[in-house]
Amino acid sequence: MATQSKAIVERPLLRTIQGVVASDKGDKTIKVVVNYQTKHAKYGKYLKRRSVLHAHDVKNEAKEGDVVEIAECRPLSRTKHHRLLRIVEKAPERAVQVSAEEVMTGKAPEAR
């Protein structure tokens, strides 16, 4: 019998999905919005649809606005059935808007 090497085998048959991170507020959990188009059964018009999936992010590395690739896995919680494979594209850093009143007075303007 030939000896088998203990190499890590890729799992090419996993269903992978690309989407945008909508929320990263949970610990080790991200909410991913997946947009897709489907054809109406009767009228044939293409409709825009979206799904919100919860995914497991072990290192808490995905941030809001990132484009990520997730894969199906065993159920990890009641709503979490996907895991993060990789971050395809990082979101640009959010520009901090500072109002003129805040610069002049040194404090944020009052809510109106």
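Because the model is predicted, local features were considered at pLDDT of at least 70 and side-chain atom pairs only at pLDDT 80 or more, whereas totals for chains, interfaces and linings use all residues. Residues are numbered from 1 along each chain as its sequence is written, and side-chain values rest on heavy atoms, with hydrogens and water left out.

A search of the whole structure returned three salt bridges, a salt bridge being a side-chain nitrogen of Lys or Arg within 4 Å of a carboxyl oxygen of Asp or Glu. Helices (H or I, at least four residues) and strands (E, at least two) are DSSP runs numbered from the N terminus. Accessibility is described as buried under 20% relative accessible area, exposed over 50% and partly exposed in between, with a 1.4 Å probe and protein chains only.

One of the salt bridges joins the side chains of Glu 69 and Arg 86, whose closest N and O atoms are 2.6 Å apart. Glu 69 belongs to strand E4 and Arg 86 to strand E5, so that the pair links distant parts of the chain, 17 residues apart. Glu 69 is buried, at 14% relative accessible area, while Arg 86 is partly exposed, at 42%.

Strand E4 (residues 67–72) also contains Glu 72, whose partner Arg 15 lies in the segment before strand E1 (16–23), 57 residues apart. The side chains of Arg 15 and Glu 72 meet at 3.0 Å, N to O, and Glu 72 counts as partly exposed, with a relative accessibility of 34%.

In a further salt bridge, the side chains of Lys 90 and Asp 66 meet at 3.9 Å, N to O. Lys 90 is situated in the loop between strand E5 (80–89) and helix H1 (100–105), and Asp 66 in the loop between strand E3 (46–56) and E4, so the pair ties together parts that are 24 residues apart in sequence. Lys 90 is exposed, with a relative accessible area of 52%, whereas Asp 66 is buried, at 2%.

E1 and strand E2 (residues 29–39) pair in the antiparallel sense over three bridges, with Val 21 bridged to Val 32 in E2. These two strands form a hairpin with five residues between them, and Lys 28 in the turn has a positive phi of about 60°. E2 and E3, also antiparallel, are joined by 11 bridges, and Asn 35 stands opposite Arg 50 in E3. The hairpin of E2 and E3 has six residues between the strands, with Gly 44 in the turn at a positive phi of about 80°.

Conventions: Pairing = 2+ DSSP bridges.
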